[in-house]
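Please look over the model below before reading on. The numbered points then take up one topic each.

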Amino acid sequence: MRRTLIVGAAGAAALALTLTACSGSDSGESDGVTTVTLLSWTGEEQMTPVIEDFEASNPDVKIEASYSPPVAEYIQTLQTRVLSGTAPDVFLIAAENKTNLIDAGSVIDLAGEPFMENIAEFNRETYGRDGAEYGLSTSSWAAGYAYNKEMLAEVGYDGIPETWDEFLEMCKKLQDAGHTPFLESVDQMPTTVSAMVGAKTAEMDPSVDDLIFSGESTFEEQWTPIVEEYNRLYTEGIVSSDVVALDGDQVRDEFANERVAIINAGPWIIGAVKEANPELDFTFGQIPGLADGAPYQAGAASPGYAINSASDEAHQEAAKTFLAYLSSPQGVEVMQAQTNDVTVTDDFEPPVDPVFEPMVEPIRSGDLYLPMISWQRSEDILNVEAVAQMQRMIQGQIEPVDVTKAMDAKLATS
């Protein structure tokens with residue numbers, strides 16, 4: 001995932017005013033057909049069958065879609081369309097923009113709508129606040145470790161170990177056998193760090209984030225031990241600091257070409273890896289836990305479909321018809337066939353590629369954590385700071401505690 005927010009917290013009110021000025025109500029209505037505008041980050045090739053199936057069953061509603069890929073480009077495109085007076089009736093509420101959209105009153109409350117009834121509580125709460133629900137999220141995603149089964153077997157393992165110490169030991173054995181053991185793209189929040197924080201907070205009440213954002217604790221206190229453990233990948237010579245130059249696609253390609261044994265990844269790599277190397281025998285595992293924690297996974301509810309609060313009543317009602325379709329077994333099935341998402345509606349069981357099967361139960365039970373979803377404010381600013389400081393740490397310029405102190409300083413001034 002690429003993480004850039006459309007506006008800062010200070011711009012929330014401006015966003016609300018701009019959305020009001022450029023609502024989807026300009027979309028025409030003729031011959032009894034209401035046109036609903038949609039900005040999608042699922043690509044046109046995948047969305048076209050979904051839209052066509054919807055329109056075939058709902059001839060009184062036409063979907064006028066435009067497209068922008070996730071995440072940073074989508075968020076920027078949405079911002080541009082808002083500012084230019086072309087805000088759509090339906091758009092995505094995501095980790096990167098949910099706080100601003102909700103604070104600005106830019107999305108309508110969907111709580112109580114029949115199409116929300118079959119949505120998992122975890123997904124409704126992710127894009128909700130104080131009992132309100134602002135996004136229709138029909139699936140969730142998780143990222144763990146994809147691994148080359150043959151390489152692991154070569155050094156005596158049949159899967160990812162459960163503890164971090166054991167994992168680092170295995171990586172060193174892979175090195176001794178002549179393999180690059182592990183790669184993780186760090187141009188975004190490291191999957192490993194997210195999962196380790198998630199494992200910790202899953203055992204706490206109040207949560208890590210409740211403590212930090214209430215002022216009862218700090219990133220330095222809660223995150224430093226985890227970042228120190230993560231940094232062992234680099235201080236113990238398991239991963240080169242050159243990894244800061246690699247993006248997720250490059251890491252994936254190294255794995256597909258059998259030049260690395262283990263990578264951080266989610267289901268989005270499966271098609272490309274199989275296409276590049278049909279003979280590769282690989283699967284997924286959870287991210288190892290620290291000494292006092294269980295294995296876990298980074299992940300979140302997939303972005304939800306939200307309705308522009310500034311659209312007029314007719315367009316909002318037509319938009320609800322579209323969301324009702326997306327929530328229905330028929331709509332979920334058509335969408336899932338295009339995206340391979342792990343859906344979490346209670347009336348459709350998705351087919352899942354066997355290599356990703358180990359991750360399905362945690363996804364459907366909501367055992368997922370993503371800092372940018374869980375942070376209670378300034379998620380855009382904190383994410384940028386965390387990634388930048390971790391890259392400096394990986395390159396040996398600062399220590400783990402400097403990363404978390406910088407996050408505390410950024411939170412204090414945001």
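1. Start with helix α8. Of the 11 residues of α8, 10 are buried, so this helix is largely enclosed by the rest of the structure. Buried means under 20% relative accessible area, exposed means over 50%, and partly exposed lies in between (1.4 Å probe, protein chains only). The buried residues of α8 include Thr191, Val193, Met196 and Thr201. Helices (H or I, at least four residues) and strands (E, at least two) are DSSP runs, numbered from the N terminus.

2. A word on the ground rules. This is a predicted model, in which local features need pLDDT of at least 70 and side-chain atom pairs count only at pLDDT 80 or more, while totals for chains, interfaces and linings use all residues. Residues are numbered from 1 along each chain as its sequence is written, and side-chain values use heavy atoms, with hydrogens and water left out.

3. Next, the domains. Domain 1 covers 33-137 + 303-340, and domain 2 covers 143-300 + 368-413. These bounds come from an automatic or database domain assignment. The C-alpha centres of domain 1 and domain 2 are 31 Å apart.

4. How many residues of domain 1 are in contact with domain 2? Six residues of domain 1 touch five residues of domain 2. Contact means heavy atoms within 4.5 Å. The area buried between domain 1 and domain 2 is about 600 Å², and carbon and sulfur atoms give 61% of that. Buried area is the accessible area (1.4 Å probe) that two parts lose on being put together, summed over both. Ala95, Thr99 and Phe122 supply 60% of the area that domain 1 buries against domain 2, more than any other three residues.

5. Between domain 1 and domain 2 the count of salt bridges is zero. A salt bridge is a side-chain nitrogen of Lys or Arg within 4 Å of a carboxyl oxygen of Asp or Glu. Two residue pairs are in polar contact across the interface of domain 1 and domain 2, both at pLDDT 80 or more. A polar contact is a pair of N or O atoms within 3.5 Å; within protein, one must be able to donate a hydrogen and the other to accept it, and residues adjacent in sequence count only if both atoms are side-chain atoms. On the side of domain 1 that touches domain 2, α4 (98-103) and α5 (121-126) are the elements that give two or more residues.

6. Salt bridges come next. By the rule above, the count comes to 16 salt bridges. In one of them, the side chains of Asp103 and Arg129 meet at 2.6 Å, N to O. Asp103 is in helix α4 and Arg129 in strand β5, 26 residues apart, and the pair links distant parts of the chain. Asp103 is partly exposed at 45% relative accessibility. Arg129 is partly exposed too, with a relative accessible area of 33%.

7. Asp249 and Arg252 form a salt bridge at 3.3 Å, N to O. They are three residues apart in helix α11 (residues 248-256), so about one helical turn separates them. Glu385 and Lys410 form a salt bridge at 3.9 Å, N to O. Glu385 lies in helix α17 (residues 379-394) and Lys410 in helix α18 (residues 400-413), so this pair ties together parts that are 25 residues apart in sequence. Glu385 is buried at 16% relative accessibility, whereas Lys410 is partly exposed at 28%.

8. There is also a network. Salt bridges link Asp165, Lys172, Glu229, Arg232 and Glu236.

9. Check the backbone as well. Most residues other than glycine have a negative phi, and most peptide bonds are trans. The peptide bond from Asp205 to Pro206 is cis, with omega near 5°. Pro206 lies in the loop between α8 (191-201) and α9 (208-214). Asp130 is not a glycine, yet its phi is positive, near 50°. Asp130 sits in the loop between β5 (128-129) and β6 (132-133), and is exposed, with a relative accessible area of 79%. Asn340 has a positive phi of about 60°. Its place is the loop between α14 (329-339) and β13 (342-343).
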